[in-house]
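Trainee: I'd like to go through the charged side chains of this one with you. Can we take it step by step?

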Amino acid sequence: MLKCTACGREYSMRKPYQRCECGEPLELELFESVPGIGRRVWERFSGFFPFDLKPELSLGEGDTPLTKAKKLSREIGVKVYLKNETTNPTWSFKDRGTYLGIHRALQLGFKKIGTVSTGNMAASVAAYGAFAGLETYILVSSTIAEEKLKALEVYGAKIVKVHGDYGGLYYKSLEIGQKKGIYFINSDDPFRVEGYKSISFEIIEEITPDYVLVPTSSGGLFRGIVKGFLELRESGLIEKLPTFVAVQAEGCSPICRAFREGKEKIERFKNPHTIAHAIENPYPPSGNAVLRRLKELSGLCVTVRDEEILEAQRALGREGLFVQPASATGVAAIRKLRERDAIEKGAKVVGILTGAGLKTLSYIKAPKVEECLLESFEECFGE
Ligand SMILES: *Cc1c(COP(=O)(O)O)cnc(C)c1O
Ligand SMILES: [Zn+2]
């Protein structure tokens, strides 16, 4: 049964419902189960997912490393753990949700899938669609950079450039999908959210965090991680929930703004501008749902500036981790929260490193390079 996150109205699983008539996102009810053994998270936590997950649809998503950041921990005074989602098949956590979304599309008998995205989700859906042998439609905005289109080309998906209001495309795609038999696995599709729960399961296998920081755009990832922890509590596997922190770029922070102003609903963020393009959704479809969760669970919403993001990106590089700007926002936020004393010394903090740095090379400044003559080679290495 699918249930509205706002009004509670219920919808049958037998039809491709994705949003409630009231406009808010749908969600599956909480699963309660017992973890088992298995090499993959999908096997160990199989009782927490809505269907039997097929290995033949998997490109190897999930089971990513949780790395303790030693320098950052020392410097900030908390235990910083980083969930490295850059090791997924298309280099972002989106693959976890796409894997579940593909199952859903096939369960309903769809032969075509699609998504609305300019970045990581586009690559993910294109890859999984190709692997499953489904016709795949990627709707992109007319202003998309050539570099991003190239990253999609190899998968052989149909790329459709849409001229007009890109903001409304999310809803338009769901409409056209119903008509044309295309299952759009968009950012906060209920089954995509189910896939993201696996991050929480993997974290809890290693540590019990006090805080989890989530770079937030549409809100799908945040909802998935929270749902994962709620199910772990429901199943008696943890007693206490961590404090959930939604992190947004200051230049596009509709959720944090509404949170700060105590509003029930987000408003479209005017003139968004940030280098963290992967989290630059000015009107997130799960924005209100995230707000409700933050309020209900005493979560936090933090914004970080572009300079802080770039500094965090470099700091992560010094830990051996190369992430894209959007993925560095969590670490930038940890620093900020510590400065405000909002996180206590010694707390266990997990930052989700959502996507890989190689996708956004244009933001990296030219490195400092030492010149060296082969004739005087030895002198190049100091004393
Ligand atoms: C999609 C994405 C996010 C945000 O996820 P939402 O589910 O849209 O909130 C964060 N970081 C990266 C790198 C992403 O690709
Ligand atoms: Zn509703």
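This is a predicted model: local features need pLDDT of at least 70, side-chain atom pairs count only at pLDDT 80 or more; totals for chains, interfaces and linings use all residues.

Trainee: Which side chain does K295 meet in a salt bridge?

Mentor: The contact runs N to O at 3.3 Å, and the cut-off for a salt bridge is 4 Å. The partner of K295 is E264.

Trainee: And how many residues apart are the two?

Mentor: K295 sits in helix α10 (residues 287-296), while E264 is in the loop between α9 (254-260) and α10. That pair links distant parts of the chain, and the separation is 31 residues.

Trainee: Is E264 buried or exposed?

Mentor: Its relative accessible area is 60%. Exposed means over 50%, so E264 is exposed.

Trainee: Let's move to K83 and E202. Where does each of them lie?

Mentor: Their side chains meet in a salt bridge of 2.7 Å, N to O. This pair also links distant parts of the chain, 119 residues apart. K83 belongs to strand β5 (residues 79-84), and E202 to helix α7 (residues 190-206).

Trainee: Why does K83 count as buried?

Mentor: Buried means under 20% relative accessible area. K83 counts as buried because its relative accessibility is 1%.

Trainee: What about E202, buried or exposed?

Mentor: The same cut-off of 20% applies. With a relative accessible area of 3%, E202 is buried.

Trainee: Which side chain does R305 pair with?

Mentor: R305 counts as partly exposed, at 34% relative accessibility. Its salt bridge has an N to O distance of 3.4 Å, and the partner is E308.

Trainee: Which residues are linked in a network of salt bridges?

Mentor: Salt bridges here come to a count of 28. The ones linked in a network involve R19, E27, D188, R223, R293 and E296.

Trainee: Now the surface. Which helix gives the most to the positive patch?

Mentor: The patch gathers K68, K70, K71, R74, K79, R314, R318, K365 and K368. One helix, residues 70-76, gives 3 residues to the patch, and that is helix α2.

Trainee: Where does K68 lie, and what is its relative accessible area?

Mentor: K68 is in strand β4 (residues 66-68). Patch residues need over 30% relative accessible area. K68 is partly exposed, and the value is 39%.

Key: Residues are numbered from 1 along each chain as its sequence is written. Chains are lettered from A and ligands numbered from 1 in the order in which they are written. Side-chain values use heavy atoms; hydrogens and water are left out. Patches are made of residues with over 30% relative accessible area and no salt bridge: like charges are joined within 9 Å, nonpolar side chains (Val, Leu, Ile, Met, Phe, Trp, Tyr) within 5 Å. Accessible areas come from the Shrake-Rupley method with a 1.4 Å probe; for residues, only the protein chains shown count as cover. Lys and Arg count as positive and Asp and Glu as negative; His and the chain ends are not counted. The place of a charge is taken as NZ of Lys, CZ of Arg, CG of Asp or CD of Glu. Helices (H or I, at least four residues) and strands (E, at least two) are DSSP runs, numbered from the N terminus. Buried means under 20% relative accessible area, exposed over 50%, partly exposed in between (1.4 Å probe, protein chains only).
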